[in-house]
Amino acid sequence: MTKQTKNQPRNVATKLIESHLVSGTMKAGEEIGLKIDQTLTQDATGTLVMLELEAMGLDQVKTELSAQYVDHNLLQTDNRNPDDHLFLRSACERFGLWFSPAGSGVSHPVHMERFGKPGKTLLGSDSHTCAAGSLGMLAMGAGGLAVAMAMCGEPFYLNMPKVMGVKLTGKLPDWVSAKDVILEMLRRHGVKGGAGNIIEYYGPGLKGLSAMDRHVIANMGQEMGHTATVFPADDAVRNFLRQQQREDDFQRLEADRGATYDLHDEIDLGKLEPLIALPSSPGKVFPVREVAGEPIYQAYIGSSANPGLRDFAVPAMMVKGHQVREGVSFDINPTSRQVLENLVELGHLTDLLSAGARLHQTGCNGCIGMGQAPATDQISLRTVPRNFAGRSGTDEDKVCLCSPETATASALTGVITDPRDLDMNYPVFDEHSTFYVEDRNIRPPAKHPELTVVEKGPNISTLPTFEALPDSLKAPVLLKVGDDVSTDDILPAGSRILPFRSNIPAISEFTYTRLDPTYPERAKEYQDTGSLIVGGDNYGQGSSREHAALAPRYLGVRAVIAKSYSRIHWQNLSSFGVLPLSFVTPENFDSIEQGDELSIEGLVETLKAGDRIVAKNTRNGERYELTHELSERQVRMVIEGGLLNMMRQELAA
């Protein structure tokens with residue numbers, strides 16, 4: 001798309017980008033820089049962000065608002081997690097951030113409750129930051145280093161996306177909810193169908209979707225590999241902010257009449273049915289009726305993908321007066337303290353517990369492999385956003401993604417059940433019922449940050465430094481992987497691994513162990529001389545955690561050669577000085593074997609000249625043409641050894 005004049009009808013995404021554009025032109029595929037108003041960090045990524053701010057010598061954050069949440073690493077089995085929570089709290093006081101402590105809730109719904117504002121940009125070091133698009137924000141996930149730069153007042157750089165307009169018509173039928181809308185999008189477009197696009201929803205069907213319904217849809221847009229999801233800021237957003245006692249933060253933001261889109265789709269909500277994503281991909285979507293009858297072990301309600309009060313209240317009304325089937329673990333994960341207190345006030349929590357539910361603390365919990373792991377080879381129905389193999393904490397897991405209605409119906413019957421088959425009326429939750437607003441535990445920025453001493457426990461280590469890119473590279477292909485490799489495959493999450501998030505040497509020991517347990521030891525042999533990874537399509541899908549780029553770089557990876565990349569991981573690789581290359585001829589992937597040695601000469605000069613790179617396979621003498629999509633700024637960044645090196649040089653100058 002090209003930049004539009006103010007006289008031309010504009011969609012919401014275009015308005016948001018135009019109002020924040022600080023560099024570049026709005027031509028699809030070209031690099032643009034955007035002013036960032038707000039940032040979001042969570043504890044699994046925020047520790048590195050705070051260390052990066054310290055390394056760059058930041059005094060106080062330059063954004064309108066930055067918030068740090070503790071929601072991932074809540075299991076306190078030793079000192080590491082609580083020590084890091086103290087570090088984060090003191091760093092927030094030092095740098096001027098809001099701090100949401102353990103127990104306040106998952107970052108995305110809490111940010112929506114307390115801080116989200118229509119018309120603003122939000123950058124978060126969590127890939128599901130895109131959930132805030134439900135409020136008419138341009139909200140994007142990124143690696144922690146990019147977020148740290150935004151907190152220093154620097155623009156966020158990305159390639160100008162296209163805008164896919166999705167027209168919604170009709171009204172959701174009984175037993176079908178917002179989760180089924182985004183599962184339908186994944187059924188149609190798959191896990192790569194959103195690449196390079198902002199997805200904007202519009203049309204008369206929006207009238208039946210609350211702001212929290214939209215959050216569900218926006219959150220899982222990330223599973224399509226998109227840049228962001230955008231909804232208009234209309235009466236539904238005003239009602240949400242009024243309920244949160246923040247109506248003054250509302251400003252209407254809607255597409256102009258006659259606005260156009262680069263790509264188009266349309267969903268008649270009235271024709272949707274309950275859907276389910278089978279193991280182990282969010283894109284493996286089928287109607288629930290087609291897989292009904294399979295016995296289940298677990299039904300899990302909560303996570304950032306279904307965080308609204310209605311997502312718990314409807315299950316509570318479904319199970320009232322009933323018992324979940326014996327042998328089923330019915331796990332309730334409230335997503336914010338506010339939601340939990342409202343469930344108590346309305347009596348829904350008692351109904352859930354009386355039916356046999358297990359109550360867990362407010363936070364990400366089992367979604368990120370922090371407890372609640374299912375039994376081996378047993379089906380777990382979850383309302384979470386991802387079901388990558390092993391992400392639950394169980395290697396041989398069978399995690400399926402579905403709506404709260406489907407998960408609860410299945411908990412009652414003990415088998416995968418289409419909720420339309422239950423002998424009960426669909427319980428309708430009144431979104432306008434009495435609502436209690438809770439924000440007393442979230443700490444504002446310190447009034448005297450200069451008096452703060454940042455507390456560093458023994459688990460906090462300094463960031464490693466990396467040398468510049470060599471002009472010639474002769475390195476082995478230590479690993480060859482296929483399509484849709486996720487960041488959970490590259491650097492797993494979970495209670496055993498994420499406590500090392502601020503200790504790169506320690507966490508690097510888990511790099512790629514899910515696919516090849518021998519990889520870390522083999523990589524150490526080439527830690528100083530360099531190694532390569534070869535991958536298929538959509539390399540690096542999933543989480544924004546920069547550890548998935550930083551740990552391989554620490555182990556010596558200098559370049560990745562893949563058919564295509566997921567946006568955030570592609571950015572993270574370049575930020576830490578790893579060169580992300582693509583095959584000009586994708587079929588060349590087939591002729592490279594793990595263990596081959598590739599040789600590249602004149603690498604730095606070729607990058608500067610913008611020419612194609614040629615790699616020679618010393619085993620068979622074949623030559624492969626390689627290319628990249630890096631901007632001039634990113635090329636300089638990779639040559640210097642990463643963004644931190646480049647910033648240090650600029651600051652020194």
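This is a predicted model: local features need pLDDT of at least 70, side-chain atom pairs count only at pLDDT 80 or more; totals for chains, interfaces and linings use all residues.
## Contacts along the chain

Take the contacts in the protein chain with a separation of 6 or more: 77% of them join residues 24 or more positions apart.

## Fold and dimensions

The protein chain holds 21 helices and 26 strands. Its radius of gyration is 24 Å, close to the 26 Å from the globule rule for 653 residues, so the chain is as compact as a globular protein of that length. Along the principal axes, the C-alpha atoms fill a box of roughly 70 × 55 × 50 Å.

## Burial, surface and charge

Of the 653 residues in the protein chain, 64% are buried. The accessible surface comes to about 23,100 Å². Carbon and sulfur atoms supply 46% of that surface.

The protein chain carries 64 positive and 84 negative charges.

## Nonpolar cores

The largest nonpolar core has 127 residues. Those with the most contacts inside this core are Met50, Leu138, Tyr512, Tyr519, Tyr539, Val560 and Leu579. Helix 5, residues 144-151, gives the core its largest share, seven residues.

## Around Tyr539

Which residues does Tyr539 touch, leaving out those up to four places away in sequence? The set includes Val481, Val485, Ile490 and Tyr512. Ile533, Val560 and Ala562 also touch Tyr539. So do Ser564, Tyr565, Ser566 and His569. Two of these partners, Tyr512 and Val560, are listed with Tyr539 among the core residues with the most contacts.

Terms used: Residues are numbered from 1 along each chain as its sequence is written. Side-chain values use heavy atoms; hydrogens and water are left out. Helices (H or I, at least four residues) and strands (E, at least two) are DSSP runs, numbered from the N terminus. The radius of gyration is taken over C-alpha atoms; the globule rule is 2.2 Å times the number of residues to the power 0.38. Buried means under 20% relative accessible area, exposed over 50%, partly exposed in between (1.4 Å probe, protein chains only). Contact means heavy atoms within 4.5 Å. Accessible areas come from the Shrake-Rupley method with a 1.4 Å probe; for residues, only the protein chains shown count as cover. Lys and Arg count as positive and Asp and Glu as negative; His and the chain ends are not counted. The place of a charge is taken as NZ of Lys, CZ of Arg, CG of Asp or CD of Glu. A nonpolar core is a set of buried Ala, Val, Leu, Ile, Met, Phe, Trp, Tyr and Cys residues joined through side-chain atoms within 4.5 Å.
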